[in-house]
Every structure is written in structure tokens, then in C-alpha cells.
Amino acid sequence: MREVNFDGLVGPTHNYAGLAHGNVASMRHGGLESNPKEAALQGLAKMKALKDSGFAQGVLPPQQRPDIGALRDLGFSGSNAQVLERAALDAPQLLRAVCSASSMWTANAATVTPSLDAADSRVHFTPANLQSSFHRFLEPRTTARVLAAIFRDETRFAHHPALPATPAFSDEGAANHTRLAATHGEAGVHLFVYGRQAFGGDNDRKEPVRYPARQTLEASQAIARQHGLNDAQAVFAQQHPEAIDAGVFHNDVIAVGNGPVLLYHEMAFLEEERTLEELRSKMAAPLIPVRVPLEAMSLEDAVSSYLFNSQLLSDSDGSGAMTLVVPGECQENEAVWRTIQDLLLGGNNPIGEVVVKDVKQSMRNGGGPACLRLRVVLSEDERSGLSGRVLLDDGLYGDLIAWVEKHYRDRLTPEDLADPQLAEETLTALDELTQILAIGNVYPFQLG
Ligand code: SUG
């Protein structure tokens, strides 16, 4: 069994629209000029570096944007150019939303359970409904088609419908799900972290007051049910409301797990001790908690540096040692960098190496290294049963670089989003991409 990290390719309309309330980077950078080409190349450079270090790397395509169909559903009509022009005049916020390249953050694409933990020995997928925001609510339909195209073989892969897109079942996917196990090849315990409870419960429940909680307990429970996980395999923990109010809009902004290691900030969970105890009682292997106390790092530093949005990866040599892939912003913050040196590298834990990666274009929208990838633990047989050409090797990497160089702009302002030429360019690029990836027709414009 190996973990394959499927990174989302950044789409050609990558822009800063300030769309995500409660995501401080997105709120801060709305309106800035973006560089889609640089964004895509930064993502590919991260993928290539990890592949070259022996980690299994996959790639997922971006979505069709601008989503002109969504604008038509909202009453805009005429030719594509007229729809874009009208939206730019009457509802610029809607135009920005339908242009978002947010599908790059594939940690929100779906929740995945490896075959090892599933009763029917298949890999299970549930696309996240992403109903908390309009621009991300547009993703799941295409996400489901993409996942079904790649994980096509029904004897190995099972696909569930996204949960009902309503606040009670608000689901943001793997960003709030962590599988803990001795190794990727042993049975795991699934930690589901939620921000609020929709039904029942007591009146003095603690919930965030400033920013929205994007994941409900009911959504997490439904996914565990869909995937056939029983009580002994799942732990549900509430995220600390104060963390959400400080800008921690997903658990993966404050905690990351891999194998038996759970790296987390003191303020990650409302009931820290209970959560650790339940994990310990359910896991077959000893849990290795790596706790970063508040006195070492403020919530503000955790959010601005995205230390906990690092990728924690098991080295391919089978030694149990791990590599932490951190965003460049961690190096720029003294308290964070010191914590990395003293507490993480200097501590008694399997983290043996820290690799710094520049994903600034994505970071300005609140997406770090871990947001950019969907983890799928697969056996050799399951890897060989994938459809399409989605596992990164030097050939695919070269093709994707050439594709980005050919089709992407290096400058995009909010005004450019109404340019009908941008929409045309994007369709041409995506059509070519589905051929490079050999995944067939997955986009609305290809399906007619
Ligand atoms: O959903 N940002 C994304 C970032 C998602 C990060 N993912 C994880 N933590 N797993 C979001 O808030 C901002 C888009 C804009 O403002 O243009 C945005 O959607």
C-alpha cells in the first residue's frame, strides 16, 4: 500500500476574488492581480519535487471556468460574451465566483477511505458538497465525473453521491478527515473533525461566533456510514470554535496526521484530551501526538504561516521516517521556524526532514501544500487499475509544463474575467488537457 497525493492543477482563471469569508488570506487579497501561469508552475514544481524524492504523485484536472452555465441558471442569457458582459455589469461578485479556480484545493474534493478499512475491500469516495460557498458549490458535479473517470473500475473503486447540499450536511471533504495507522498498509482509525452540530444537542454548545463552521458532525457521520466505517474505526471531534474564529476554516489549517503521527496545535480540538484518548483506545498502534503549544505559536502565526497545512509524508524507504513539506511562509516567521527546528525536527518523533516549497499564488487564497492534494492510499493492484494517465512521471510532467506554457496567461485582473477570449482559451486548454490525461470527456462543454 502507498499513499498517492493527487494534486489539483491550477486552472487558467486563477484569480483573487476575496470569496471565502473566514479565510483570512482570501479576504485580505481579494482584488489583487494574479498570475495563473506562475500558480500552475508552482504547483507542478511541488509535484515534481515530491515525485523525484520517491513519493507517489498524481494529478487531477481543474474545472471548466468561467462556469457560464451557472450564470445562465441565474438568469443571464444571450451569447456567452453577452452573459459575461452582463454579469460583469450587474453582478461582478457572481462573475468572480464562476471564474474561481478553487478546485485546485483537492483536499476539499472528496473524502476517501482506503480499501484496507472498507468492509467490501474497495476504495470509497464521496465528493464534498462544498455548500458553504457558492463558488465552491459549483465543483462537486465535475469532481464526481473526474473521480469516476480515473477510479473507474467498479471492482476496485466505489463512488457515493455528495451529501445533500444543505447546511445540515455541510461537507468540505478530506480537509477535515485524517486517517491514522501504524503504516499505510495497516488498518486505520479515521478522525473526522467538525465545526458544528446541526441537529439536537444542548443549548450551551460552543460554536464559532465570527466565522462560519464549514463541516457538520452530521456530514462526517454520514460519510463514515457511506464508507461502511464502524464505531471502532471512527472518532468524531469538534474543532475549537476559537480557532475557527481566528481563521482556521478547515482542520487541515491546524492539524495534520500521517501514519501514527498527529501533529496539531493546542487549540485544534475543543476536547483535546478526550480526542487523544479515544484515538488511543481505537488505534492498534501507539499514537504519536506532536503538540504545538500556544506559548510556542499563536493562532495568528499558525494561520499566517500555514505550518499545519504542511504535507506530512512517509519516506519511501520504509524506515518509518517522515518528511514535512512546509510552505515558504513558515521560513519567514521566526516563531514558526524556531518551532520547526526545536519542536519538530529536534523532538522525539519520526519527522526527519523539512522541505520548503513556494506555493505563494495559492497561499494568497488560503491554500497551502496540504490543501493542494487529495490523499489516496492505494495497493499496487489498485494503482495499476487506475484509468487515464494521471500518475506523474517525467513524461507527463514535461507535457503538463508545455501545456501550461502554451495556454496560460501570466497576469489576470478582476476586469479580465469578463473577457470572452479568456473563456475560449480555457476551453481549448481543457480539451487538450483531457487528451494529455486520457480521461475522456469530463467537462460540461464536452458532454453537450
Ligand atoms: O475554500 N479559498 C479556499 C481555500 C481552500 C483551502 N483548502 C484547505 N484548507 N484544505 C476556500 O476557502 C478563495 C477564493 C478567492 O477568494 O478567490 C478560496 O476559495
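Guide: Let's begin with the cover: strand 3 (110-113), strand 4 (123-127), strand 7 (189-194) and strand 8 (234-238) are among what covers the buried residues of helix 8. Helices (H or I, at least four residues) and strands (E, at least two) are DSSP runs, numbered from the N terminus. This is a predicted model, in which local features need pLDDT of at least 70 and side-chain atom pairs count only at pLDDT 80 or more, while totals for chains, interfaces and linings use all residues. Residues are numbered from 1 along each chain as its sequence is written, and side-chain values use heavy atoms, with hydrogens and water left out.

Buried means under 20% relative accessible area, exposed over 50% and partly exposed in between (1.4 Å probe, protein chains only). The buried residues are Leu-217, Glu-218, Ala-219, Ser-220, Ala-222, Ile-223 and Ala-224. Just after helix 8 comes Gly-228, with a positive phi of about 75°.

Now for the wider setting. The largest nonpolar core has 95 residues, of which Phe-6, Phe-151, Leu-307 and Leu-400 touch the most other members. A second, separate core of 16 residues includes Leu-71, Phe-76, Leu-412 and Leu-417. Such a core is a set of buried Ala, Val, Leu, Ile, Met, Phe, Trp, Tyr and Cys residues joined through side-chain atoms within 4.5 Å. In soluble globular proteins, nonpolar side chains tend to be buried together.

Technical notes. Contact = heavy atoms within 4.5 Å.
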